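These are my notebook entries on a structure that I looked through one feature at a time. The sequence and the model come first, and the entries follow.

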Amino acid sequence: MDWSLALGFVLGWVACWCSPRRLIAWHDALYRAWWRMISERRGGRPRISPELIALIRRMARENPLWGSPRIHGELLKLGFTLAQSTVSKYMPPRARHPSQSWRTFLTTHAKHIVGIDMLTVRTLGFDTLYAFVVLGHERRRILHVEVTPRANAYWLACEIACALGNASIEAPILVRDNDRLYGAVFRRQLRAIGVRDHPTQPRSPWQNGHVERLIGSIRRECLDHHIILNAAHLRRVLRDYADYYNFDRTHLTLGKDSPLTRPVEPRGGIVSRRVLGGLHRRYSRGPPK
């Protein structure tokens, strides 16, 4: 058969059944299929799995300060075999100056931050007592409680020094409100013991929210159910509550753990121990201590 005649027959048949636009689209699709066929990989680096690509992007997202060499080294330690250029290829684009998250920033600094506050308590004879509370932000732990009938700047500074010394907090940052007791004398005493003073803004109790919530818990869970006799009685009650708060009471922000890490007890019979005269109970496995 003459090829020119055959080609003319085919073109005539195509002209009867489709438009030039469709013919060009068919030709483009045929060309792409032909190019894919001749471009199939016959060697070179092996393809990496979608799971590994997702892991590279996860590491880059969770560690904004890591570059491709650091991520590549971490993957090698996990048993993956790939080139650093592959890690660079699949890393998501980043800002020029990457920044840590606010959660990471606050968690890093929390171990140096302490908050303080005072609450007033009426005794049986209608005298006023002042209770001073120091809270560590890292684990929401009560570091110190003390009671006095007459609070002043020197007494407060001494109590802070005692609390920080017992807790072994280096370069502490103190968060407090703007009570008149925290005046020039108090600030001078803080500088003398190496404490950085960070007062909150006026009428902004939310800036010292951890301690404000602690004061509310002390009142609701303890003091609202007692009639305080004197300073010694209040001191004993608050220290008992601090022990319960630190060792037994679970906290939502700590993953339902206590500030001093209460262990899980999976075996044994369940027994309860009275705390604060029966206001609260501690549940544990095995015989009570």
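Predicted model: local features only at pLDDT ≥ 70, side-chain atom pairs only at ≥ 80, totals over all residues.

I looked up W34 and found that, at 42% relative accessibility, W34 counts as partly exposed. I use buried for under 20% relative accessible area, exposed for over 50%, and partly exposed for in between, with a 1.4 Å probe and protein chains only. Y31 is also partly exposed, with a relative accessible area of 46%. Both Y31 and W34 belong to helix α2, three residues apart, about one turn of the helix. Helices (H or I, at least four residues) and strands (E, at least two) are DSSP runs, numbered from the N terminus.

Residues are numbered from 1 along each chain as its sequence is written, and side-chain values use heavy atoms, with hydrogens and water left out.

I counted six aromatic pairs in the structure. The ring centres of Y31 and W34 lie 5.9 Å apart with the planes at 40°, so this pair is tilted. Rings of Phe, Tyr and Trp (its six-membered ring) pair if their centres lie within 6.5 Å; planes under 30 degrees apart count as stacked, over 60 as edge-to-face and the rest as tilted. Ring pairs join Y31, W34 and W35 into a cluster.

Y31, W34, W35, M37 and I38 make a nonpolar surface patch of about 560 Å². Such patches take residues with over 30% relative accessible area and no salt bridge; like charges are joined within 9 Å, and nonpolar side chains (Val, Leu, Ile, Met, Phe, Trp, Tyr) within 5 Å. I38 lies in helix α2, residues 20-38, and is partly exposed because its relative accessibility is 38%.

Which residues does D248 contact, leaving aside its neighbours within four places in sequence? I found D243, S258, R262, R273, V275 and R282, where contact means heavy atoms within 4.5 Å. D248 sits in the loop between α10 (231-247) and β6 (270-275), and is buried at a relative accessible area of 7%.

I searched the whole structure and found nine salt bridges, each a side-chain nitrogen of Lys or Arg within 4 Å of a carboxyl oxygen of Asp or Glu. R273 forms one with D248, the closest N and O atoms being 3.5 Å apart. This pair links distant parts of the chain, with R273 in strand β6 and D248 in the loop between α10 and β6, 25 residues apart. R282 also meets D248 in a salt bridge, at 2.4 Å from N to O. R282 lies in strand β7 (residues 280-285), so this pair ties D248 to a part 34 residues apart in sequence.

R235 is in helix α10 and E146 in strand β3 (residues 141-148), so the pair ties together parts that are 89 residues apart in sequence. R235 is partly exposed at 25% relative accessible area, whereas E146 is buried at 12%.

Note on methods: Areas by Shrake-Rupley, 256 points an atom, 1.4 Å probe, with all protein chains shown as cover.
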